[in-house]
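Let's take a friendly walk through a protein model together.

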Amino acid sequence: MKPLEGLLVVEFGIYLAAPSAGLKLADLGARVIKIEPPGRGEPCRHLAIKHLFVGRDSLLFHTINRNKESYAANLKDPGDLEKVKRLLARADVLTHNFRPGTMEKFGLGWNEVRQLNPRLVYAEISGYGAEGPWRNKPGQDLLAQSVSGLTWLSGDAGAPPTPMGIAVADILCGSHLLQGILAALLRRSKTGRGAHVEVSLLESVLDFQFEVLTTHLNDGGRPPQRARRGNAHAYLAAPYGVYATADGYLALAMGSLDRLAKLIDCEELERFTGSEDGFAHRDEIMEILARHLAQRTTAEWLALLEPADVWCAEVLDYPRLVAHEGFRVLKMDQQVELAGGSKIRTLRCPIRIDGERLTSPRPAPAAGEHNEIIDKELLDA
Amino acid sequence: MRPLEGILVLDFGQFLSAPSASLRLADLGARVIKIERPVTGDICRQLYVSNVVLDGESTVFHAINRNKESFAADLKNPRDAERLRRLIRHADVVMHNFRPGVIERLGFDYESVRRLNPAVVYGEISGYGAEGPWRAKPGQDLLAQALSGLMWLSGNDGDPPVPMGLAIADILSGIHLTHGILACLVRRAITGEGARVQVSMLESVLDLQFEVLTTFFQDGGEPVRRSAVANAHAYLGAPYGIYQTADGWLALAMGQVPVLGRLLGCAALEPYTEPREWFDRRDEIKRVLADHLKTRTTAEWLAVLEPADIWCADVLDWRRLLAHDAFHVLGMIQTVRRSSGFAYRTLRCPIRVDGERLYSERGSPAVGEHTAAIIEEFKLEGEP
């Protein structure tokens, strides 16, 4: 039995943040029903990356919304709204990520919906919280990264602000929403009472920086200083970074400098011995290392360093990663089967329960695909 | 009532991944006891990020381990091991992040713990899973990033691989561990059964890339190409990126290129009417944009773009962010205090429950600070 079997989730979420939480809920065993506008459906169906579509919908939509059902409803239509309310009366969880005020306009704000179902866990994502000067700003990943200070942590000193090239704010925020939902469901099992869970992209991407912000808040407010070359963390000492070798790249994490100098036979490095040197002379040390490591291949360095338990790894790209036994043994990819018989290769849930990987071949739904079933099964219509 | 009140968590973890999970559980209301080796404790206490020392220990330790108790135990010492076995009988959750094989040798693996407490939810984080060629590799953030392909997504085309400058693999694996643990606690409330939850840093950082890896599988495995100009996402077209202005930087997310051209007074952008071109010719479009945006200040551009609901933002550093009203209104900073009296500032939990922000005044514990009290409370010594 998957851990969340028997739970009913109604997802009003769009794009990535809330729907990524819905995907994990589904993979953990919940029944997730997306509420979508009739016809066009959720906007993510039309947002493609690299122009990739599968049938009428973007591959992106398929990736985020597999293993869910779809119920088409026009929330401005009183008949449809009534059905959605009846569905909510039976649901365990509601999620949405509309801008503040939107659900309230439909009469589906927390205060209204809790009257319909006091056991409901009502979970919502905003961009920047419901108060303050940014409350109406678009809740979008790159913008949340940009205002949060995050872009000054990656890339080398002197490089422009460097965003993380993936939607980290959306994904972290969806993850935090899920933490709140699950904790509230556990409380409900004791008290019978629902809950209101709120997270925002900005708070999530600030939480992501909690270690370094804690340092900043207690070091007199010094700005973060990225390394001049091979930066991997503005607050860690040399050798922490990424280095070019004769044929690729090598990542070196934290470790003793004098031991490293001896293992790689780098005389120039031997004068930096104390642990303080790694901070005080970081750029100088990393330059010396960069020159030295460029002389031999990644495999040669790994052969020296790995047996000595120096924390290092080669830097892989996707083609080399997916061909590697270390990737294959995880069985991290799975096939989703589309109605026409074709398949999409995507990833599974990263969590194992009782030794089992959680997989599901069920594809993303067409908009409104499950109206009939849901009307019959859940709404007795 | 905080949602996890009444839940007892024993965290054998060190560094960031498992301890970040138990921090979240603590803030949500659980009681978290850190199991630490006597005297030196969690290695993270001496893991310095920058040379800042707070009350004798590293800033990151204080950030990760506030709101917890510390129980000192040498797992190889029979007396301490017996105390822990007794304590485990009371626990709802036991978690660790040792390398595969270590906890088995110490006698606190899932099978052993389950014999003591069949309803326990047992959570573990490894670097790369328990099988395969990487199983014995150190489970460290930068290494997991390096192997996962992630480093080719940030920075511009032609740059070396650019790691994310934060411990993303640690943080995500800790988050996924909490997801599994909490889901199994929900199931346990119905069935009474315990569970084993396993995650790995590599699988977690692959999950982060689920959208782009699915795209990579679907497009026939074409190499990832970052944009040569202002890259912010290798798979998104122009204008997505961060651009220099006359006095700072401007982030531009989605937007139709000719519309942007008209709003910004940049005629050279108007001929790009085909959405397909915004991806296929993104470097050339972004170069035009980059040159044009340098001519005026960030505030001037925002004044044009925001009223037109173009998705854009100023790019702040911490100094400007921390001074901004939009930051103050969140109440994200809290001051916590150790029992030594030493106080420090840190962030709160990012989740609000029933309209309440979750604060906690309790700072990080000293090694073994709560050992005696816990022995007394749970009667860990003497005749059972």
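Predicted model: local features only at pLDDT ≥ 70, side-chain atom pairs only at ≥ 80, totals over all residues.

Chain B is built with 16 helices and 15 strands, and 64% of its 384 residues count as buried.

**Chain B as a whole**

- Along its principal axes, the C-alpha trace of chain B spans about 85 × 50 × 45 Å.
- Take the contacts in chain B between residues at least 6 apart in sequence: 68% of them join residues at least 24 apart.
- Chain B has an accessible surface of about 13500 Å², and carbon and sulfur atoms account for 50% of that surface.

**A three-stranded sheet in chain A**

- A handy idea to start with: strands of a sheet pair through backbone hydrogen bonds, in either a parallel or an antiparallel way.
- In chain A, look for an open sheet of three strands in the order E9-E10-E11, with antiparallel pairing.
- Why is one side of strand E9 (241–244) and of strand E11 (312–314) of chain A left without a neighbour in the sheet? Both stand at the edges with a single partner strand each, so one side of each has no neighbour there.
- Neighbouring strands of this sheet are turned against each other by 25° on average, direction ignored.
- Strand E10 (residues 249–252) of chain A pairs with E11(A) in the antiparallel sense over three bridges.
- Helix H12 (residues 282–293) of chain A lies across E9 and E10 of chain A, at about 35° to E9(A). Helix H13 (residues 298–305) of chain A lies across E10 and E11 of chain A, at about 30° to E10(A).

**A three-stranded sheet in chain B**

- Chain B also has an open sheet of three strands, in the order E9-E10-E11 and with antiparallel pairing.
- Its edge strands are strand E9 (241–244) and strand E11 (312–314) of chain B, each pairing on one side only.
- From one strand to the next, the twist averages 25°.
- Four bridges link E9(B) with strand E10 (residues 249–252) of chain B in the antiparallel sense. Here B:Gln244 stands opposite B:Trp249 in E10(B).
- Helix H12 (residues 282–293) of chain B packs on the sheet and touches E9 and E10 of chain B, its direction making about 40° with that of E9(B).
- Helix H13 (residues 298–305) of chain B packs on the sheet too, touching E10 and E11 of chain B, and its direction makes about 30° with that of E10(B).

**Buried pieces to look for**

- Helix H8 (residues 201–208) of chain A is largely enclosed by the rest of the structure, because eight of its eight residues are buried. Among them are A:Leu201, A:Glu203, A:Asp207 and A:Phe208.
- Which residues cover the two faces of strand E6 (residues 93–96) of chain B? B:Val93 and B:Met95 lie on one side, B:Val94 and B:His96 on the other, and all are buried.
- Strand E1 (residues 8–11) of chain B runs parallel to E6(B), joined by three bridges, and B:Leu10 has B:Val94 as its bridge partner in E6(B).
- E6(B) also runs parallel to strand E7 (residues 121–126) of chain B, joined by four bridges. Here the bridge partner of B:Val93 in E7(B) is B:Val121.

Terms used: Residues numbered from 1 in each chain as written. Chains lettered and ligands numbered in written order. Heavy atoms only, no water. Buried < 20%, exposed > 50% of the residue type's maximum accessible area, 1.4 Å probe, protein only. Contact = heavy atoms within 4.5 Å. Areas by Shrake-Rupley, 256 points an atom, 1.4 Å probe, with all protein chains shown as cover. Pairing = 2+ DSSP bridges. Axes fitted to C-alpha atoms, helices over the stretch in contact; angles between N-to-C directions.
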